[in-house]
Amino acid sequence: MLGNLFNSSVFKELVRILIVVLAAISIGFFITLFVSDDALGAFKILLSGPFPKIQIVDDAIRLRGMSRTGSWLIDFTTLTLLGLSVCIAFRAKQFSMAAEGQLFLGAIASAAVAIYIDGPSFMVIPLALLASATIGFMWGVIPGYLKAYLNANEIVSTLMLNVIAVQLYRYILVYHMNDLSAGYIASSPIPVDIRLSYILPGTKLTSMFYVMVAAAIFVMLFIYRSKLGYQINLIGINERFAKYGGITSRKIIMLTFAVSGAFAGLAGAHIALGVSSRLNLYLAPGIGFEGIVVALLARNDPRLVPLCALLYSYLRVGSQIMERSTDVPREIVLIIQALIILFVMVDSLKPSKNKLINTLNVYKKDVVNKKASKGEA
């Protein structure tokens with residue numbers, strides 16, 4: 001059994017992820033030597049920052065700095081949901097960048113339900129989560145339709161739709177949900193009894209953590225055990241073959257964009273109901289695109305997305321602590337993140353022998369069929 005574990009593809013991917021992250025961190029440390037007077041101390045803070053400090057007071061163990069660990073787990077929850085969202089689209093070879101806009105719309109939808117619908121928390125909170133997932137799903141239908149039926153480039157359409165989504169979020173916030181008593185542009189406070197409950201003392205980690213775990217399990221079963229997941233995988237491997245097999249690729253591609261959007265919408269609900277007490281004008285800009293990094297690092301494998309989100313959020317929080325505590329800017333971690341993407345992409349672009357042989361066989365078959373059809377004509 002242990003031998004099967006070490007030979008499994010998942011274990012090999014885990015080793016690959018660790019090697020990629022360690023290699024990027026090593027290069028980042030080398031660069032830090034040239035920009036910091038205490039590079040070793042800075043990297044010590046980077047790597048240990050997200051963990052609490054253990055103190056023994058009166059023969060009792062106390063943990064200080066739990067808020068740092070909480071920030072790590074909060075980012076982990078958000079990035080896992082975003083990574084799952086991007087992962088689903090990427091499985092069908094659709095390079096969707098719509099998570100950023102879907103997150104903003106999910107946040108505004110869940111906040112509107114929480115603020116304007118009266119009722120007990122056990123009814124309003126699920127309704128708010130459903131609203132965020134629904135708006136993310138519906139927003140995903142748009143680029144899905146444009147790609148499937150009009151052959152529009154999904155990178156361009158999703159980027160443009162992100163701009164529309166963010167501006168729509170700001171329009172609703174400024175003209176329909178702005179609380180003038182706040183002193184700045186912000187919504188009314190989310191009612192205390194409607195906010196997601198805290199589950200880890202000393203932190204702001206909320207019950208959305210459990211929703212994230214359930215979402216990760218659902219996506220794993222969806223991708224590997226459902227009919228729609230099988231069709232998504234097949235289209236991602238070879239869309240032409242999927243069409244020959246009777247799969248309506250246009251419908252599946254549109255559904256892929258839509259389903260992926262639901263999880264990005266849930267990430268927005270997490271920020272609205274768990275992280276923030278009220279919505280502001282900027283929310284969490286750019287975090288939607290970081291979900292792409294998580295999915296790329298996991299190679300679009302939903303089984304590895306939580307681990308990659310855990311590692312990535314670890315670096316993210318550690319960099320914030322390092323920036324506050326040392327003379328090293330946060331841009332060093334941005335370099336590390338860029339190196340991670342570069343290493344992953346270089347490894348992904350390396351063609352395997354089997355893929356090359358299969359591609360050549362398909363090409364030869366097409367050439368033979370074309371010559372035969374011309375001969376018959």
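**Salt bridges and a helix**

Tutor: Let's start with K147, which forms a salt bridge with E154, the closest N and O atoms being 3.2 Å apart. A salt bridge here is a side-chain nitrogen of Lys or Arg within 4 Å of a carboxyl oxygen of Asp or Glu. This is a predicted model, where local features need pLDDT of at least 70, side-chain atom pairs count only at pLDDT 80 or more, and totals for chains, interfaces and linings use all residues. Side-chain values use heavy atoms, leaving out hydrogens and water, and residues are numbered from 1 along each chain as its sequence is written.

Student: Is E154 buried or exposed?

Tutor: E154 is buried, at 8% relative accessible area, while K147 is partly exposed at 22%. Buried means under 20% relative accessible area, exposed over 50%, and partly exposed in between (1.4 Å probe, protein chains only).

Student: How many salt bridges does the structure hold?

Tutor: Seven salt bridges. One of them pairs R299 with E13, with the closest N and O atoms 3.1 Å apart. That pair links distant parts of the chain, 286 residues apart: R299 sits in the loop between α12 (287–297) and α13 (305–325), and E13 in helix α2 (residues 9–32). Helices are DSSP runs (H or I, at least four residues), numbered from the N terminus.

Student: What comes just after α4?

Tutor: K93, with a positive phi of about 60 degrees.

Conventions: Helices (H or I, at least four residues) and strands (E, at least two) are DSSP runs, numbered from the N terminus.
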